Amino acid sequence: MNNIKMFLVRYAEIGTKGKNRYVFEDVLCKRIRNRLKPLGEFDVRRDFGRIYIEALSDYDYDEAVEKLTKIFGIVGLCPVTVAEEFTYESISKAAIEHFEETFGDSADNPYDSYNFSFKVHTRRVNKNFPMNSMEVDMEIGHDLLEKFENEGLHVDVHKPDIMVEVELRGEQGYVYSKIIPGPGGLPVGTNGKAMSLLSGGIDSPVATYMVAKRGVEMEAVYFNSPPYTSQRALEKVEKLGTIVAQYSGPIKLHIVNFTDIQLAIYDNCPHDQLTIIMKRYFFRVAEELAKRNDCQAVITGESIGQVSSQTMQSLAVIDNAVDIPVFRPVIGMDKQEIVEYSQEIGTFETSIEPYEDCCTIFVDKHPVTKPKLFSIEKSEHRLEGIIEPLVEKAIETAEVVILK
């Protein structure tokens, strides 16, 4: 596909945004430009409900497709062959070249050469073109059959294997037939910013991905507890964040040293409440970091009933520690659903690497599953005068890493 010099970007939900659609389109164009910048020179432009990407220099087709199909907002990517002139002869030539490029011997072709059915569909936006849409459909179809019928190509106007799209816009003729799936969603940067509690498990990277897919710019916080957690555990989290960042764009990761806070809780509070109190302080730290970084919500990967700290009662008590909204996108998913999602986005194999985070180190054998808020707050009173400076120090000394 090295001869492809243009892509048509398909989007779905953006098209429902009415008068605000241009805002989403502009952000999507910006994301595309940033993602393609290292690969060469490209012109990315909007044109009447379409976004076109034109290569102005040599580039690696496979690498470009890999990057573009991980941009939220893109539902499909269509490699386009552009006619050299705005004449029927040139457009027909482009259609034949497009077939040879897309379905020829050297192409990534799922069919046996040209042994498939097709239909031509023309959009004649420029009404000055001398042929109407139906005439273009018939003539292009005839030319393709004449060229490839002996190799198995045939017409099916009802259920074709391939729909050949011809667009006549401005003074250009475009031909495309292949749709490479994208992740969908909305362009990151159109729906605010959030702070994700990112651990080395399966759930939190999926939750981070899901919220970013809704157009939310992501930052993340990881609670590190050396020497109880290893450097490999931190590296694992950074790797997970980097995988998600392939879709969301750069993620600012705040690495918080949580050891002293955790030990203070361990030494002063009932051990069956350790996980609940620890998570309440996770949220307090995350809330402060969110405020300092203009984030409007905290994101977690909790799912109802999955572990003792994720019962309805536990989640309510944990949320009570902060005022900021807490979003849990996998709240109603069972573990297998989350696993399948993580496999789909590429985080699963890293998540199951055997490096534990601080959530799993200080866990009581019989943790409370239906905590009472008054009891938790009573236990936290024992930390007054002890934990406040530790929390402040943890926030002030947090290390920041940009994951790309």
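Analyst: Helices (H or I, at least four residues) and strands (E, at least two) are DSSP runs, numbered from the N terminus. This is a predicted model, in which local features need pLDDT of at least 70 and side-chain atom pairs count only at pLDDT 80 or more, while totals for chains, interfaces and linings use all residues. Residues are numbered from 1 along each chain as its sequence is written, and side-chain values use heavy atoms, with hydrogens and water left out.

User: Where is Asp294, and why is Asp294 called exposed?

Analyst: Asp294 is in the loop between H8 and strand S13 (297-299). Its relative accessibility is 57%, and exposed means over 50% (buried is under 20%, partly exposed in between; 1.4 Å probe, protein chains only). Asp294 therefore counts as exposed. Its phi is near 60°, a positive value in a residue other than glycine. Most residues other than glycine have a negative phi.

User: What is the peptide bond between Pro226 and Pro227, cis or trans?

Analyst: The bond is cis, with omega about 5°. Pro227 sits in the loop between S11 and H6.

User: How do you know that the buried residues of helix H13 are on the same side?

Analyst: The buried residues of H13 (373-380) are Ile376, Ser379 and Glu380. They cover an arc of only 100° around the axis, which puts them on the same side of H13; the arc is taken over the directions from the helix axis to the C-beta atoms. Exposed Phe374 and Lys378 are on the face turned away from that buried side. Helix H8 (274-292) and helix H9 (312-319) are among what covers the buried residues.

User: What makes Ile265 and Tyr281 stand out in the largest nonpolar core?

Analyst: They touch the most other members of this core of 36 residues. A nonpolar core is a set of buried Ala, Val, Leu, Ile, Met, Phe, Trp, Tyr and Cys residues joined through side-chain atoms within 4.5 Å. H8 gives the largest share, eleven residues. Beyond its neighbours within four places in sequence, Tyr281 has contacts (heavy atoms within 4.5 Å) that include Phe258, Ile261, Ile265 and Glu380. A second, separate core has 34 residues, among them Ala233, Leu234, Tyr247 and Ala297.

User: Which class do the residues lining the second largest pocket fall into?

Analyst: Seven are charged, three polar and three nonpolar. Asp, Glu, Lys and Arg count as charged; Ala, Val, Leu, Ile, Met, Phe, Trp, Tyr, Cys and Pro as nonpolar; the others, Gly among them, as polar.
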